[in-house]
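Subject: Structure for you to look at

Hello,

I am passing on the structure we spoke about. The file comes first, and my notes follow.

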Amino acid sequence: MKSKSLNQFHESIYQILLARIKERGQSQRVIAEQLGLGQPRVSNLVNRTGCPFTIGVMLQYLEDLDVTYQIKEYPEGSDRVLQFNIFK
């Protein structure tokens, strides 16, 4: 995957995760419990501080927050690399 595409994918996953956290309307402490984290780490996620989160970690957090998704790879030579679908 090209670096620019990977960065865009990372940003998309981050925005979806952040939106899911906000739409739940729960405290960072409650979200932290659901994700198996400490509240400060959720604060880092929400405020984009501290060590960056990997795509794999953020995908796991989406699952922990009851988000179902599908990642589909496009054939080689296609203009697009991945398709990412969210199912609520």
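Among contacts in the protein between residues at least 6 apart in sequence, 48% join residues at least 24 apart. Please keep in mind that this is a predicted model.

Overall layout

The protein has 4 helices and 2 strands, and along the sequence they come in the order α-α-α-α-β-β. Taken along the principal axes, the C-alpha atoms fill a box of roughly 45 × 30 × 20 Å. The chain has 88 residues, of which 25% count as buried.

Helix α2 and its neighbour

Helix α2 spans residues 28–35, and its buried residues are Ile 31, Ala 32 and Leu 35. Viewed down the axis of α2, these buried residues fall within an arc of 105°, so they line one face of the helix. The face turned away from that buried side carries Arg 29 and Glu 33, both exposed. After α2 comes Gly 36, which has a positive phi, near 75°.

A pair of packed helices is described by two values, the angle between the axes and the distance between them. For α2 and helix α3 (residues 39–47), the angle is about 105° and the axes are 8 Å apart. An angle of 65 to 115 degrees counts as roughly perpendicular, and α2 and α3 are therefore roughly perpendicular to each other. On the α2 side the contact is made by Gln 28, Arg 29, Ile 31 and Ala 32, which meet Gln 39, Val 42, Ser 43 and Val 46 of α3. Sorted by class, this contact has 4 nonpolar, 3 polar and 1 charged residues. Two of the α2 residues named here, Ile 31 and Ala 32, are also on the list of buried residues of that helix, while Arg 29 is on the exposed face.

The aromatic residues

How many aromatic pairs does the count come to? The count comes to 3 aromatic pairs. One of them joins Phe 9 and Phe 84 edge-to-face, with 5.6 Å from centre to centre and 80° between the planes. This pair links distant parts of the chain, since Phe 9 is in helix α1 and Phe 84 is in strand β2 (residues 82–87), 75 residues apart. Phe 9 has a relative accessible area of 12%, and is therefore buried. Ring pairs also bring in Tyr 69, so that Phe 9, Tyr 69 and Phe 84 are linked into a cluster.

Strand β2 also holds Leu 82. Between the C-alpha atoms of Leu 82 and Phe 9 the separation is 8.5 Å, although the two residues are 73 apart along the chain. With a relative accessible area of 25%, Leu 82 is partly exposed, whereas Phe 9 is buried.

Arg 20

One more residue in helix α1 is worth a note. Arg 20 lies in this helix, which covers residues 3–24. Is Arg 20 buried or exposed? Its relative accessible area is 18%, and buried means under 20%, so Arg 20 is buried. Leaving aside neighbours within four places in sequence, Arg 20 is in contact with Leu 65, Asp 66 and Val 67.

Regards

Technical notes: Residues numbered from 1 in each chain as written. Predicted model: local features only at pLDDT ≥ 70, side-chain atom pairs only at ≥ 80, totals over all residues. Heavy atoms only, no water. Buried < 20%, exposed > 50% of the residue type's maximum accessible area, 1.4 Å probe, protein only. Contact = heavy atoms within 4.5 Å. Arc of directions from axis to C-beta. Axes fitted to C-alpha atoms, helices over the stretch in contact; angles between N-to-C directions. Parallel < 35°, antiparallel > 145°, perpendicular 65-115°, else oblique. Nonpolar A, V, L, I, M, F, W, Y, C, P; charged D, E, K, R; others polar. Phe/Tyr/Trp six-rings, centres within 6.5 Å; stacked < 30°, edge-to-face > 60°.
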